[in-house]
Structure formats: structure tokens, C-alpha cells
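These are my notebook entries from going through the model, kept in the order in which I looked things up.

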Amino acid sequence: MSQESRQVYPDADALAMAGAVEVARLARQSVAEHGIFTLALAGGSTPRKLYTLLGTDPTFRDFPWEHTHLFFGDERHVPPTHIDSNYLMVSSTLLASKLVPAAHVHRVRAELPDANMSALDYDVEVHSFFTEGIRSGGFPRFDAILLGMGPDGHTASLFPDSKALEEKERWVVANWVEKFKSARITFTFPVLNTARTILLLVAGADKADMLHSVLVANRNAEIYPVQRVRPMDGDKIWLLDRAAAARLPRTY
Ligand code: 6PG
């Protein structure tokens, strides 16, 4: 059974705390149910505060890190030391706490010369982790996947008019992004839509028009990549700040 819900918070700080509380709730729930919590992280700038809170705020001192495995929903095709690296962002926030066992951090080896090699390598990494419960041709079921949304309606590195949008079989692909003239490595829609919970974290006034289009004007359409995130048997939770939700009807 799938549910979609939305919560709006006054500002980016309140949003980050609410997101961290939700991740911690899902972690405790998953560990209680099946002894482990698998979380795929989002890149970009919005989740930075959330990662820092999880790693430093006493509210989360009982977070079950020893039972948690971290993955990356997407990565830029750059080395882990590069300023654009999502791994670098996560390692300077959440991982700086040294709370997460190093072996539980499954990063994309985006330093490989060819993005397709990085994607294949990560595909093998994720396959070797999710061996149980995968029906043939099946997809891994993450306990939670954190996603963001761009002003163009992209999510993970599934950009409008890009090849990866149509991938139906592979778990991880390299995706050329024309506007950045660079490649990304990203989970595909089948992986996203197999998750137990999708947490969509969206902040800032520059997202307000797209959110109105996605959630109001074209709410039943699949025009933008983020609209194709429809967990088959899971929840889709939008966590928004007031600036991003500025054009949504107050009922939201
Ligand atoms: C990435 C992300 C991407 C991000 C959106 C929003 O690697 O860039 O995974 O999908 O979530 O671009 O980015 P901001 O949070 O920076 O607005």
C-alpha cells in the first residue's frame, strides 16, 4: 500500500531537524523489524544540515549506526576529493562524526575514468549487498531513500530529457547531463520505486514554481522526473520549507 504525504516547515533549519527526526524514526523502525537500516543519501546542498544534525545533535545519540548501511542515490562523475562530490559533502558532515562504521558506507567510485565503469562498479557493490529477497529481475528494497528536487524537476540524477529516465532493468546507470556537459551516476526509477520510504527534501524559493507544477498544476501527470517517483509499495513523504511551498494552497 503506498501513501503520499507532505509537511511544510517554517525554514530550512526546521526542515533539516524534521528530516533528521524522520530518518531516525525510520531507522529505529527498520532495525526493530529486520535488524538493519539501509539508507540511500541525496546529494546537492539541501540535506547538508540534516546530515550534520544526525552526526552531532544529542537528539540522535541513540541512532542505530551499527545496524545502518549508507548508500548514495546518485553521484557526480568526480573524485571523492572534488568540491562537487556528494561523498565529500557527506564525509564533511555526517561521516565527520565517525559514528558510522567505515564498512557500512557504500560510496560510488566516481573517480574511475569512465562513468559507465563507476556505474557498473556500484551496481556490483549494491548487488553484492542486497543478495537476499531479490526476485530475479527484481530490485533492492531500501528502507529509506533521501531525494531532493531541482528547479527543473529532476531528482537523484534523473534529469529531464536524459537517457536514464527510460532505464527499466539496471539498478545503477551513468547518465549524461547535457546542461552540465558532464556525466552522473544514479539509481534508476525501478530502484527508487521499490523503496519502503522515499523522503523528498525540498527547500528554497527557487523550487516554488516547480513544486506548484508538480503538486498542483500537473499533479496527476508524469511530466517531470520527480513525478515518476511513485513507490509501488511504500510511502512518498515530501518535507518542504515555507519558501519552497510558497505557491502551494494553504491546505498543504
Ligand atoms: C545531486 C542531487 C540532486 C539534488 C537536487 C537538489 O547530486 O545534485 O542528488 O538530485 O537533490 O539537484 O539540489 P539542492 O539540494 O542543491 O537544491
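**Entry 1: Thr188**

I began with Thr188 and, leaving out residues up to four places away in sequence, I find that it touches Leu158, Glu167, Arg170, Trp171, Val172 and Val173, where contact means heavy atoms within 4.5 Å. The model is predicted, so local features need pLDDT of at least 70 and side-chain atom pairs count only at pLDDT 80 or more, while totals for chains, interfaces and linings use all residues. Residues are numbered from 1 along each chain as its sequence is written, and side-chain values use heavy atoms, with hydrogens and water left out.

I place Thr188 in the loop between strand E7 (182–187) and helix H5 (189–192), both being DSSP runs numbered from the N terminus (helices H or I, at least four residues; strands E, at least two). Thr188 counts as buried because its relative accessibility is 0%. Its side chain reaches the backbone oxygen of Arg170 at 2.7 Å.

**Entry 2: the ligand**

Which residues come nearest to the ligand? Of the 14 residues around the ligand (a heavy atom within 4 Å), I list Ser45, Thr46, Arg76, Ala156 and Lys207 as the nearest. A polar side-chain atom of Thr46 lies 2.6 Å from a ligand oxygen, an N or O atom in the side chain of Asn86 is 2.9 Å from a ligand oxygen, and a polar backbone atom of Gly43 is 3.3 Å from a ligand oxygen.

**Entry 3: Phe142**

I then looked up Phe142 and, leaving aside neighbours within four places in sequence, noted its contacts, among them Phe71, Phe130, Phe187 and Arg196.

How values were computed
Polar contact = N/O pair within 3.5 Å; in protein donor to acceptor, adjacent residues only side chain to side chain. Buried < 20%, exposed > 50% of the residue type's maximum accessible area, 1.4 Å probe, protein only.
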